[in-house]
Amino acid sequence: MDSESTSIRPLNPHSDIELTTLEQQRSDISLSSEQPGASVNVQELPPVDEGRKAWIFCLSGLLLETMVWGFGFSYGIFQAYYTSHPPFDKASHIAVAAVGPTALAIEYGAGIFLAFVYGRYPDHMKKSMWFGLVLNSMSLILSSFVNQVWLLIALQGVGLGIAGSLLYWPVIFLVSEWFVQRKGLASGIIFAGSGIGGFIFPLIVNALMDSLGHRWTLRILAAIQAVFGGIALVGVCPRIPPIKYRRGQRRPQFIPPRLQFFSRKVFWTFATTTFLQAMSYFPVSLYIAVFTATISSPLSATIVLSMFNSSGVVGQILIGYLSDRFPYPWIMFGSTMGSAIAAFLLWGFADTLARVFAFAIIFGGLSGGFSSVTFAAATDAANPNPEQAGMAASAATLGKGIAAVMGPIISGVLLEAGKSVSSGPYVLQF
């Protein structure tokens, strides 16, 4: 038997590996020779959809998701503090509001670029994650010393966005190696980290800023993310060892040929739906705390934001579980229609804290869980080339990054215009 014909296939973040292929790779071996008496090097791969290593990967991805998105989705607390306390209280509120969406836009939009990078340099994926963790902590620490908004955008926006993308996207690219039949459930568990972090971080941030101010809050959060992020990175590893290229050895093309999913209608439908859904989700996540503070106390605003984010935990896991068992278009339809009805009937008439609580729970669960259908939709869009599903998912998510910037900006303009209109249903005074 020739050794090259049985060597383990290199890691490729573009691939969404089929179950039959993964089952065959469980018994893949590398043989140095078949001659009698020759040494045999056997490397057995961990099982798919089960086993300690698979679930350690899943829980590590959950922890990274908590650190990256929990902080990002909590920017509404920072925004409320920045606009009411020096040194940023005199700055443009639109500029201050741009900090959080800038980070989110980079974190979502960098996926397609990183898919190309890791396809060509798969052996550098883990190194880039450690670099992202260092950059994440340094961006927060340096942000604590700045007094100008443009520096805040550069550090807490751009720097944190690059760091988050380096920590987040490798987990997404590796999910398909560890899970096939339970991919929806596994991705739902991982994505639930954003809701867990979105529940925990606002409470931590609010308590720290009330007692220590924003500067020490950022420094303490930098230390927390460095510790827990480092623990998570230990458990995030590829199931299939990446090939190690020698100096001068030819690597794969940076942009793979024949990206056929771009010519399929289902991909553009998926991408458009993702963009429109994000256009509604991000403004709510950014302004729900600001709105609540106008009809209640700042503490209530923090609680509402935490409820909004934490309800996404249930939504992520449940929708991910359902996407393994039912057609994903129906799940997408139910998520979006339920979110729209909640927005019209609950937030549109919200004049009491109880209605805001109800809206935060329903909208946060249905809209926050929408991303758990990503893998099912991307696999469908990539057919008949399932190995391109990871790239299809990252390409569609690019629109989510654009929406993270456009949605809050449009909402900010409408907010300023609505201040001159008399109060009533659907005319919400901030």
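**Close-up views of a predicted model**

**View A. Thr 397 in helix 15.** Thr 397 is part of helix 15, which spans residues 389–418 in this predicted model. With a relative accessible area of 10%, Thr 397 is buried, since buried residues are those under 20%. Leaving aside residues up to four places away in sequence, Thr 397 is in contact with Tyr 108 and Trp 169.

**View B. Packing of helix 2 against helix 8.** Helix 2 (residues 52–72) packs with helix 8 (residues 149–178) at an angle of about 160 degrees, and their axes lie 10 Å apart. Helix 2 is therefore roughly antiparallel to helix 8, as angles over 145 degrees are classed in this way. The crossing of helix 2 with helix 8 is left-handed.

**View C. Residues at the contact of helix 2 with helix 8.** Helix 2 contributes Lys 53, Ala 54, Phe 57, Gly 61, Leu 64, Glu 65, Val 68, Trp 69 and Phe 71 to the contact. From helix 8 come Gln 156, Leu 160, Gly 164, Leu 167, Tyr 168, Val 171, Leu 174, Val 175 and Trp 178. By class, the residues of this contact comprise 13 nonpolar, three polar and two charged.

**View D. Cys 58 and Cys 237.** Cys 58 is buried, at 0% relative accessibility. Cys 237 has a relative accessibility of 32% and is therefore counted as partly exposed. The number of disulfides in the structure is zero.

Note on methods: Residues numbered from 1 in each chain as written. Predicted model: local features only at pLDDT ≥ 70, side-chain atom pairs only at ≥ 80, totals over all residues. Heavy atoms only, no water. Axes fitted to C-alpha atoms, helices over the stretch in contact; angles between N-to-C directions. Helix = DSSP H or I, 4+ residues; strand = E, 2+ residues; numbered from the N terminus. Parallel < 35°, antiparallel > 145°, perpendicular 65-115°, else oblique. Left-handed = near helix turned anticlockwise from the far one by under 90°. Contact = heavy atoms within 4.5 Å. Nonpolar A, V, L, I, M, F, W, Y, C, P; charged D, E, K, R; others polar. Buried < 20%, exposed > 50% of the residue type's maximum accessible area, 1.4 Å probe, protein only. Disulfide = S-S within 2.5 Å.
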